[in-house]
Amino acid sequence: MSLGEVAGVSRMRRVRAVVGLPSLWCHEDAYLRSYARSLLGFLGFIFWGTAAAQMFGGVSVILMFKNYRSLFQESYLSLPGWLALATALTLLPTGILAVSISVKCSRNQQGTFMYLLLLLLCLEMSSAALACSYHVRTASHLESAISYLVHQHNWTCSQDPGNSAVDVMQKKLKCCGVHNYTDWLKASSLYHPACIPESCCKEKHSHCRGDLGHVEWLSEEGCLKKLEDLLCFSMLYIFWCCTVLSILELLAAVSNGILMRRQPFHELHILDSYIFSQDYRY
C-alpha cells in the first residue's frame, strides 16, 4: 500500500470518528435527560411524603412549647415549628410541579419550580439553624426553670389543687421532681411539710396519695430528663428533616437544570433581533 493510500485511509478514519462523536453525544444526552425525568418524578412523590414529616415535626414543636409555656416563656421559641409548617405547605405544589415536569417539560413550570426550590432552601436552612440554636439555649436553662417551679409550688399535704404547672407537667410526662421524688423533700419547709404531690403517682396505683411509705408507687424518673429528651427529639427531628430535604432539593434542581439545558426559550422569541427591529420600525 502506497503512502498516499495510507494517508487516505487515516483521513477517512478521522472523518468517521468526528462524524460519530455527535451521535454518541446525542445518545448520552438523551440517556441523561431520561434519567433526570425519572429522578424528578420520583422526587416529586418523595416531596409529598416529606411534607407530612415536616408537618408532624412542626406541630410537635409548637405543641411542646404551648403545653410547657410555664417553662418556656419566650414565644419566639416555637418559630422553627412554624417554619416547618410553612415548608410542608410549600412542598405540596413543589411535588406537583416535579411530577408534571417529568411528564411534559414547560418553561413556565420549570422556572416556577426553581423559585420554589430556592424558597424551600431558605425556609429549611432558617428552621435548622434556629432549631440548633434554641436547643442549646433552652437546654441550659431548663434545670433552673423546673427547680424554680418545684420550690415555688404552693402546695400542702392536706390541700392539693392538682392543676398547677408542676402537676400538669408531672402528669403529662409521668415524672416526679427535677431529678426524682427527693427534690420535693428538699423543697419542704416549716409551712410546707415533707410531702409529695399526687401527680407524682403512677397511674396504675389509684390509691397513691404521695405517701413516702410507698415510694415504689411514685414515678422514678425526674422531669428534667424527660423534658430534655422531648426537646432534643423535637429539635433534632426538625434539623435532620431540613438537612435531608435540602439534599433532595439540590438533586431536584440539578435534574431540572439538565432538562432546561437543551430546551430553547420559545416563549422569548419576541426578543429576537430581526423581529424586534421590525416592530421598532413600525
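Where is the kink in α3 centred? The legends below describe close-up views of a predicted model.

**View 1. Helix α3 and its kink.** The kink in α3 is centred on Leu-142 and amounts to about 40°. Helix α3 covers residues 107-151, and its 45 residues should span 66 Å at 1.5 Å a residue.

**View 2. The disulfide of Cys-175 and Cys-223.** The model has 2 disulfides, counting pairs of cysteine sulfur atoms within 2.5 Å. One of them joins Cys-175 to Cys-223, with an S to S distance of 2.0 Å. The link of Cys-175 and Cys-223 is right-handed, with 85° about the S-S bond. Cys-175 sits in the loop between α4 (165-173) and α5 (182-186), while Cys-223 belongs to helix α6 (residues 223-261), so this pair ties together parts that are 48 residues apart in sequence. Both Cys-175 and Cys-223 are buried.

**View 3. The disulfide of Cys-176 and Cys-200.** Here the S to S distance between Cys-176 and Cys-200 is 2.2 Å. An angle of 85° about the S-S bond makes the link of Cys-176 and Cys-200 right-handed. Cys-176 is in the loop between α4 and α5 and Cys-200 in the loop between α5 and α6; the pair therefore ties together parts that are 24 residues apart in sequence. Cys-176 is buried, its relative accessible area being 0%. Cys-200 is also buried, with a relative accessible area of 0%.

**View 4. Cys-232, Cys-241 and Cys-242.** Cys-232 is partly exposed, at a relative accessible area of 26%. For Cys-241, the closest cysteine sulfur is in Cys-242. That sulfur is 6.9 Å from the sulfur of Cys-241, which is too far for a bond, because a disulfide requires sulfur atoms within 2.5 Å.

**View 5. A nonpolar surface patch on α1 and α2.** Two or more residues of the nonpolar patch come from each of α1 (3-67) and α2 (79-103). The most is given by α1, with 5 residues.

Conventions: Residues numbered from 1 in each chain as written. Predicted model: local features only at pLDDT ≥ 70, side-chain atom pairs only at ≥ 80, totals over all residues. Heavy atoms only, no water. Helix = DSSP H or I, 4+ residues; strand = E, 2+ residues; numbered from the N terminus. Buried < 20%, exposed > 50% of the residue type's maximum accessible area, 1.4 Å probe, protein only. Expected span 1.5 Å × (residues − 1). Bend = angle between axes of the 7 residues up to and from the residue.
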